[in-house]
Amino acid sequence: MLTMLVCCAAAVSEAPAPVTSAVGSSVALEPYGLATRPWVTEVEAPPPFWTRFDSRFAWPVDVMVGVLYGIIFMICVYTVRHYWFTFNRLFGRQRNPYIAVDETDWPEVTVLIPCHNEEAVISTILDALLRVDYPASRLRITPVNDRSTDATREIIDHYAVRFPTQILPFHRSDGPPGKAAALKDAFTLVESDLALIFDADYVPGRDLIKRLVAPLLDPEVGAVMGRVVPLNTPRNLLTRLLDMERAGGYQVDQQARMNLDLIPQYGGTVGGVRLSALNSVGGWRPSSLTEDTDLTCRLVAGGWKVAYSNRYECYEEVPETWPVRIRQIKRWARGHTDAALRYVPLLLISRHLRWRERLDGTLLMGIYLMSPLLIIGWLIAIALFYLGEHALHGLVAILAVASYNTLGNFAAFFEIAAAVRLDGHRHRIRLLPLVLVGFLVSLFSTGRAAVSQLRPRKRRRDIVWHKTERFRENGLEAWRNGQIEETTNERDDESTNRGADERMSTSAPFSPRQSTA
Amino acid sequence: MIFSHAAYHNQEMLLVLLSITALWLLLPFFPAFIELRSRRDAEPLPIADRYEEEMQHAPAQFIAALAMTAGQDNATRPVPLDLANLPRPGDPSAKAPYLLEESGAEPLPAGLLFTKEVLAKTALHTGPNSAFEAIYGENDLHLGEGNTVALWLHGEANVWISAGTHLHGSASALQEMVVEKGCTFERLHAANLLFGVEPALKERPLGPETLIPLALENEAGVPDHRLLICRDLTIPAGHVVEGNLVITESLHLERDARIIGDVKAHRSIVLEEGARVEGHVFSEKDVRLGAETQVTGVVVAERRLTLSRGCRVGALGRASTACGRYVDVAAGVQVHGTVWALERGRVTQ
């Protein structure tokens with residue numbers, strides 16, 4: 001892209017593009033037999049503009065060149081990193097150490113579902129969790145309702161009445177807002193050492209609870225993360241692009257970090273934590289915008305591992321409109337940048353991490369900072385060109401072109417392409433050029449968000465619950481219709497659902513837990 | 001001068017150059033727009049179906065298919081196996097599963113080839129050197145020597161696998177399964193899984209009062225539920241350690257040593273004769289369980305798992321899993337639950 005900009009600029013400018021020959025003299029361009037402009041003769045390249053004034057003004061250009069070289073170097077580092085991950089996924093040894101654990105004395109686990117106005121989706125996830133293959137006596141489901149103003153509470157309470165021994169709601173009416181704050185309050189009431197967390201729009205499969213619990217049997221594992229797969233992929237261009245992007249991030253990036261014994265990231269949903277690990281690193285931090293990234297850093301710095309596997313899959317809803325997508329990615333960028341500022345020093349000095357884990361953790365935390373750097377690099381390169389400074393030549397030019405061709409830290413095309421192929425898709429790989437659209441939107445959104453997080457703030461902004469807008473249609477309507485149906489069925493016949501019989505207890509009173517915070 | 005022929009020619013060529021460049025840049029977008037419009041590959045990644053393939057032991061899809069074809073007269077309904085006209089190598093492929101309702105006292109002849117599933121309503125005893133796509137037994141199953149099962153095997157009662165049999169895919173029994181020497185396998189499951197015909201050695205009871213507690217320094221820096229050891233760790237004979245251990249190097253339990261808790265080592269784990277772990281065992285490298293050792297929880301080796309004669313994994317009523325990339329099991333091993341070799345498993349001599 002940079003090369004193209006240079007060529008186009010040269011083509012449209014009135015002066016011939018200065019080309020410095022081996023002996024240092026300049027000649028006019030004479031491309032492929034086209035007649036040269038007759039008024040052009042041997043013209044020396046114009047001197048850098050500052051030399052017309054004072055040599056003391058040379059230093060800003062030197063600084064710009066140095067910054068540009070530094071940016072190119074960083075982009076090359078990320079390029080190498082992402083190519084390394086992709087080659088590992090394609091050709092390296094894969095690690096799924098816990099995938100074969102299908103029999104054990106399954107421990108007690110609590111599944112938490114943070115909710116805030118989730119009437120469209122909450123019934124679906126509750127139905128799915130009630131169908132999972134896990135000992136019913138060892139599974140507790142706790143919807144964490146944080147001041148919902150829609151029918152979320154009504155729906156949760158209805159399920160709690162039907163399954164009082166399995167669904168124990170937590171209704172929160174006060175305390176600091178936000179998902180992390182809600183989880184922090186809810187965790188005080190969790191009795192098991194293992195807790196899994198799902199966002200309300202997820203649809204777990206029958207085996208997912210066992211799969212997520214298996215790594216937590218390992219005493220070194222503090223958190224576990226599974227793969228999120230978009231369910232609303234066919235919706236529109238954005239959802240199709242996000243499906244590919246998610247594939248790149250999980251199928252290649254996360255799994256490669258697990259394979260290479262680096263730092264897979266705990267993502268806050270389709271995952272779980274060990275409470276003793278969580279408490280040993282200070283618990284949830286409600287002021288964090290991305291509590292998952294925050295927790296990942298503290299866990300690994302404290303000597304815990306995060307386990308990841310592509311096989312622990314769950315459906316999710318991705319944003320269907322660009323404004324929602326931009327809000328989501330800006331939040332991620334701010335949260336990541338905030339975590340980078342707080343925890344990169346901690347990662348670098350942690351004695352529990354090897355050098356390659358420290359490096360990978362640093363690169364992981366700094367990934368959203370590459371967006372503004374990418375833009376700055378472009379601007380500097382163009383500015384240097386018009387200032388007459390030929391900063392890109394030789395090896396540096398090659399590196400610049402190579403690194404910018406992979407679009408910097410995103411390494412969008414290579415990772416995504418490999419992920420799509422690993423998933424067994426064929427035709428959707430043709431959408432790869434359109435990923436450029438998503439990349440450009442993300443680039444400017446995250447760049448702005450990352451820079452805003454770097455600026456010192458005079459006052460702390462209030463934390464609000466940042467949730468992604470739900471697009472599932474008629475979720476509440478479908479639940480209401482189902483409610484009428486099940487009431488009719490229960491009146492007409494005895495319960496024929498063996499699972500429901502096991503879970504229902506007519507003697508246990510319904511007592512939803514209320515927040516006392 | 002501006003309107004000279006040369007100037008006009010140059011502008012024309014510039015336009016051509018820009019057009020070609022634009023076309024070149026837009027070229028990759030044409031297939032993208034076609035796919036966007038045709039939506040040939042727009043469905044979500046299918047993830048819901050792996051539960052039955054990978055978690056369950058009974059072949060749920062086969063059972064469901066049988067239930068669907070019951071009472072129907074179509075090409076997929078199981079066809080009764082004609083004992084007088086058994087399929088041999090070279091016979092044309094069958095289109096429906098084979099149904100065995102009466103087997104007789106003698107085993108099936110040797111060298112048979114079944115290219116569809118075999119549904120055995122009665123006890124089944126196969127002859128040597130036969131090959132099966134899959135076997136579902138509602139009664140006892142006894143595979144002769146040198147058999148091969150390509151996809152899966154499941155017995156609702158007991159299963160006996162004779163020497164030299166190759167089991168690909170999953171092999172499971174609801175009650176007991178015996179796997180003789182020389183067999184290779186991928187995934188085995190039974191409430192009581194015995195390897196070899198030698199009886200499992202009795203566990204040597206060693207009460208906790210005869211063991212000497214071993215105090216270890218926690219290098220984690222913060223008190224939590226585990227002990228972090230950043231060196232090779234050897235637990236001397238007759239000593240016991242209580243607590244969950246994370247060892248960044250290797251772990252070695254000497255004779256009759258014991259750990260009460262879960263264990264994870266970045267390098268190898270070796271349990272010598274009579275050692276015992278009352279918890280789960282994880283290693284990023286190899287795990288070798290010596291003779292008469294016992295692990296009550298899961299055993300996971302990311303590389304090689306070796307189970308020596310007389311060792312036991314899990315307990316009756318408390319199933320467990322032993323897995324590794326390569327699994328070598330000696331005769332006399334007893335596992336309650338699953339043994340899963342991700343690359344290759346074999347029962348050694």
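These exercises walk through a predicted model with worked solutions.

Residues are numbered from 1 along each chain as its sequence is written, while chains are lettered from A and ligands numbered from 1 in the order in which they are written. Local features need pLDDT of at least 70, side-chain atom pairs count only at pLDDT 80 or more, and totals for chains, interfaces and linings use all residues; side-chain values use heavy atoms, with hydrogens and water left out.

**Exercise 1. Find the largest nonpolar core: which residues have the most contacts inside it?**

Step 1. A nonpolar core is a set of buried Ala, Val, Leu, Ile, Met, Phe, Trp, Tyr and Cys residues joined through side-chain atoms within 4.5 Å.

Step 2. The largest such core has 64 residues. Those with the most contacts inside it are B:L153, B:F185, B:F195, B:L245 and B:L251.

Step 3. Strand β13 of chain B (residues 184-195) gives the most to this core, five residues.

Step 4. Follow B:F195. Leaving aside neighbours within four places in sequence, its contacts include B:V179, B:F185, B:L188, B:V329 and B:V347.

**Exercise 2. Sort the residues of two helices in chain B: which are buried and which are exposed?**

Step 1. Start with α4(B), residues 60-69. Its buried residues are B:F62, B:L66 and B:T69.

Step 2. Look down the axis. The buried residues of α4(B) fall within an arc of 70 degrees, so they line one face of the helix. The arc is that of the directions from the helix axis to the C-beta atoms.

Step 3. The face away from the buried side carries exposed B:A67 and B:M68.

Step 4. Identify the cover. Over the buried residues of α4(B) lie, among others, β4 (118-120), β6 (131-137) and β8 (148-155) of chain B.

Step 5. Repeat for α2(B), residues 29-38. Here B:F29, B:A32 and B:E35 are buried. Their arc around the axis is only 120 degrees, which puts them on the same side of α2(B). B:I34 and B:R37 are exposed on the other side.

Step 6. Check what comes after. B:R39 follows α2(B), and its phi is positive, near 55 degrees.

**Exercise 3. Describe the interface: how many residues of chain B are in contact with chain A?**

Step 1. Count: 58 residues of chain B contact 60 residues of chain A.

Step 2. The area buried between the two chains is about 5,500 Å². Buried area is the accessible area (1.4 Å probe) that two parts lose on being put together, summed over both. Carbon and sulfur atoms give 58% of it.

Step 3. Seven salt bridges are counted between chain B and chain A. A salt bridge is a side-chain nitrogen of Lys or Arg within 4 Å of a carboxyl oxygen of Asp or Glu. One of them joins A:D102 and B:R187, with the closest N and O atoms 2.6 Å apart.

Step 4. Find the main contributor. On the side of chain B that touches chain A, α2(B) supplies the largest share, six residues.

**Exercise 4. Compare salt bridges: where do the partners lie?**

Step 1. Over all chains, the count is 43 salt bridges.

Step 2. A:R81 and A:D360 meet at 3.1 Å, N to O. This pair links helix α2 (residues 58-91) and helix α11 (residues 355-365) of chain A, 279 residues apart.

Step 3. A:R298 and A:D294 are 2.8 Å apart at their closest N and O atoms. Both lie in helix α9 (residues 291-301) of chain A, four residues apart, about one turn of the helix.

Step 4. B:D41 pairs with A:R428 at 3.2 Å between the closest N and O atoms. This pair crosses between chains, from loop to loop. B:D41 and A:R428 are both buried.

Methods. Buried < 20%, exposed > 50% of the residue type's maximum accessible area, 1.4 Å probe, protein only. Contact = heavy atoms within 4.5 Å.
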